[in-house]
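Welcome! Here is a short briefing to read alongside the structure, arranged by topic so that you can follow each part in the viewer.

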Amino acid sequence: MKKMIRAGVVALLATAVAVFAVPAPSMADDDYYNPCFASWVSCQTGVKVSYPAGVCGSVSATYGATTVCVDYVGDYVYVEDNDADTHSAMAFIANDNGDVLDRYCRNPHGAGSWARCNFDWAESGYKRVHGGIRTSYTSMLLAYRWQFANN
């Protein structure tokens, strides 16, 4: 009886460690910017991909020579880091409508890499696209690129 109880406790602990020890990829390190804790903000660390999709725009070297692409149909944001400056390349999507108004996508994978974030934004309203770099936990250097509406 004691062996069965001990085996059950060990199995329960192993399961708890497996479930709680490793964060899901979309939740990993997503507190990289102070506003990320607000309920109307979504911050994601992008997964590394080989190439973007959608409409793209770049910002100057002042803003880390970052390229941002938006796939309007899939609500994907792609960020390319084009500068070996030790700063993460960033995309910022400001939204007029929905529960989440600000979305940040970070590319921490280094110069020459692409990252993809998957946002589920409200189809109505305008979205404004910005690109740039994260300079610290409380500061980003971002430039406006364009706006779009899905409606």
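## Proline 52 and its surroundings

Setting aside residues up to four places away in sequence, proline 52 touches Cys69, Tyr78 and Trp114. Please keep in mind that this is a predicted model.

**More on proline 52**
- Look for proline 52 in the loop that runs between β2 (47-49) and β3 (55-58).
- Its relative accessible area is 13%, and because buried means under 20%, proline 52 counts as buried.
- Proline 52 and alanine 115 are 63 residues apart along the chain, yet 8.3 Å separates their C-alpha atoms.

**The five-stranded sheet**
- Five strands make up an open sheet with mixed pairing, and their order is β1-β7-β6-β9-β10.
- At the edges are β1 (41-45) and β10 (139-149), each of which pairs on one side only.
- On average, neighbouring strands of this sheet are turned by 20 degrees against each other, ignoring direction.
- Five bridges join β1 to strand β7 (residues 102-107), and the two pair in the parallel sense.
- Within β7, aspartate 102 is the residue that stands opposite valine 41.

**Two loop residues with positive phi**
- Most residues other than glycine have a negative phi, which makes the next two worth a look.
- Alanine 65 is not a glycine, although its phi is positive, at about 50 degrees.
- You will find alanine 65 in the loop between β3 and β4 (67-71), and with 22% relative accessibility it counts as partly exposed.
- Aspartate 75, also a residue other than glycine, has a positive phi near 60 degrees.
- The loop between β4 and β5 (76-80) holds aspartate 75, which counts as buried at 4% relative accessibility.

**Aromatic rings**
- Searching the whole structure turns up six aromatic pairs.
- One of them joins tyrosine 76 and tyrosine 78: the ring centres are 6.4 Å apart and the planes meet at 50 degrees, so this pair is tilted.
- Tyrosine 76 counts as partly exposed, with 25% relative accessibility, whereas tyrosine 78 counts as buried, with 7%.
- Phenylalanine 119 and tryptophan 121 form a stacked pair, with 6.5 Å from centre to centre and 20 degrees between the planes.
- Phenylalanine 119 and tryptophan 121 are both buried.
- A cluster of Tyr72, Phe119, Trp121 and Phe148 is linked by ring pairs.

- In soluble globular proteins, nonpolar side chains tend to be buried together.
- Here the largest nonpolar core has 14 residues, and those with the most contacts inside it are Val70, Val77, Cys105, Trp121 and Val129.
- Two or more residues of this core come from each of β4, β5, β6 (88-95) and β10.
- The largest share, three residues, is supplied by β6.
- Beyond its neighbours within four places in sequence, valine 70 has contacts that include Ala53, Ile93, Trp121, Val129 and Phe148.
- Another core lies apart from the largest one; it has 11 residues, including Tyr32, Ala94, Tyr104 and Met140.

Technical notes
Residues are numbered from 1 along each chain as its sequence is written. This is a predicted model: local features need pLDDT of at least 70, side-chain atom pairs count only at pLDDT 80 or more; totals for chains, interfaces and linings use all residues. Side-chain values use heavy atoms; hydrogens and water are left out. Two strands pair if DSSP finds at least two bridges between them. Helices (H or I, at least four residues) and strands (E, at least two) are DSSP runs, numbered from the N terminus. Axes are lines fitted to C-alpha atoms, for helices over the stretch in contact, and angles run from 0 to 180 degrees between N-to-C directions. Buried means under 20% relative accessible area, exposed over 50%, partly exposed in between (1.4 Å probe, protein chains only). Contact means heavy atoms within 4.5 Å. Rings of Phe, Tyr and Trp (its six-membered ring) pair if their centres lie within 6.5 Å; planes under 30 degrees apart count as stacked, over 60 as edge-to-face and the rest as tilted. A nonpolar core is a set of buried Ala, Val, Leu, Ile, Met, Phe, Trp, Tyr and Cys residues joined through side-chain atoms within 4.5 Å.
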